[in-house]
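Me: I would like to learn how to read a protein model step by step, beginning with a single residue and then widening the view. Could you take me through it?

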Amino acid sequence: MIIEQQRASPSRARRRSRLVLLVSLVVLALLVVCSVMIGARPVAFDAVLQILTGSDDPRLRVDSVVIWTLRLPRTVLAIVVGAALGVAGALIQAVTRNPLADPGIIGVNAGAALLVVLAVSVFGWSGVLATTGAGMLGALAALLAVAVLSTRSRMSPLVLVLAGTALAAAVGGVTSGLLILDSGALDQVRFWTVGSLAGRDPELIWPSVALVTLAVLVGGAIAVRVNTLALGDEMAKSLGTSVARTRAIAVVVVAVLCGAATAAAGPIGFVGLAVPFAARLVAGLDTRWVILLSLSFGAVLLLAADVVGRVIAGSGELEAGIVVAAVGAPLFIALALRQRMERL
């Protein structure tokens, strides 16, 4: 009887995961509609349908420009960035076996932010292309630094966390100092540093989609090997898993996902913390399903935050990063105070 129950449990978890995934996709579709309709210039649902189906009604020309050049690109960007941060959080928590780990723990967000600020304040670069390129370079540089610091320990979870935390603290201090000394740079990157989806170049969205898609596919491909890491390094080795290689690939995937997301929308926190936690509540410890659910939950969370930020600010707008932080900070405190923390 006990064995049959143990065998049935994973099956029930998969059925539950499929159902929750379907529901989350429906919610995401509804949020997409809301995101296209809601803003400083509201657009009626029937007008949205006409515009998306190619209507050439002259009365809808202004709304058509708003939807095609602003609302839809912004909606796609929110989905891509949210999915990237969710999957990155799922992987870094699984690799470090730490349910409180966040993608920023390896210093990628801090590295991207530093190079963007340097590009603006020191080199005088401007424009979305320049800041995005700088963000990607900063993310990769942070990854390299953490990898070098963790090499001798073979990417040990503890050393990885310590190296990333130390790097993020040091780099964050330098970034803050540069912004204090250069008020012009602060004005240019102010909204970017709090996590903003507004004002992004639509031409950069599809490269971000391609990069995130590739990284997610690689993360899914190593999910089975990441599952074995939860059993401990020695057990994982006995099952044929190359522990150091698996951790290295996972960290690279996390860096690419965080780098793409941070370069596109700024350093948005707590998505990588809250989303994988919710996914594990549904799917258990199966990294494959956790990644899939984190992808969907992350997109839902960030798009919902963006829509809420447009609604509660009236004629203005509250940045998505601020809305997410307002939700994520209490969750982080609640998780930290739990007496019986979930173990990975």
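Reply: Let us begin with V81, which, leaving aside its neighbours within four places in sequence, is in contact with A261, A264, A265, I268 and L302; contact means heavy atoms within 4.5 Å. This is a predicted model, in which local features need pLDDT of at least 70 and side-chain atom pairs count only at pLDDT 80 or more, while totals for chains, interfaces and linings use all residues. Residues are numbered from 1 along each chain as its sequence is written, and side-chain values use heavy atoms, with hydrogens and water left out.

Me: Which residues have the most contacts inside the largest nonpolar core?
Reply: A nonpolar core is a set of buried Ala, Val, Leu, Ile, Met, Phe, Trp, Tyr and Cys residues joined through side-chain atoms within 4.5 Å, where buried means under 20% relative accessible area, exposed over 50%, and partly exposed in between (1.4 Å probe, protein chains only). Here the largest core has 70 residues, and V81, I106, L257 and I268 have the most contacts inside it. Its largest share, 13 residues, comes from helix α3 (residues 61-96). A second, separate core of eight residues includes V43, I51, I67 and L72.

Me: How many helices and strands does the protein chain have?
Reply: Helices (H or I, at least four residues) and strands (E, at least two) are DSSP runs, numbered from the N terminus. The protein chain has 14 helices and zero strands, and buried residues make up 46% of its 344 residues.

Me: Is D63 buried or exposed?
Reply: D63 is found in helix α3 and counts as buried because its relative accessibility is 10%. Not counting residues up to four places away in sequence, D63 touches R41, V43 and I51.

Me: What separates the C-alpha atoms of I205 and P73?
Reply: These two residues lie 132 residues apart along the chain, yet their C-alpha atoms are separated by 7.1 Å. I205 has its place in helix α8 (residues 205-221) and, at 6% relative accessibility, counts as buried. Beyond its neighbours within four places in sequence, I205 is in contact with P73 and V76.

Me: What phi does F270 have?
Reply: Most residues other than glycine have a negative phi. F270, although it is not a glycine, has a positive phi of about 75°. F270 is found in the loop between α11 (243-265) and α12 (271-283), and it is partly exposed, with a relative accessible area of 24%.

Me: Is L19 buried or exposed?
Reply: L19, in helix α1 (residues 2-37), counts as exposed because its relative accessibility is 54%.

Me: Where should I be careful about reading the coordinates?
Reply: Where pLDDT is low, the predicted coordinates should not be read in detail; pLDDT is the predictor's confidence in each residue, from 0 to 100. The mean pLDDT of the protein chain is 80, and 85% of its residues reach 70 or more. Over residues 1-8 the pLDDT stays under 50, and the model has one contact for them beyond four places in sequence. Over residues 339-344 the pLDDT is likewise below 50, although this stretch has 16 contacts in the model beyond near neighbours in sequence.
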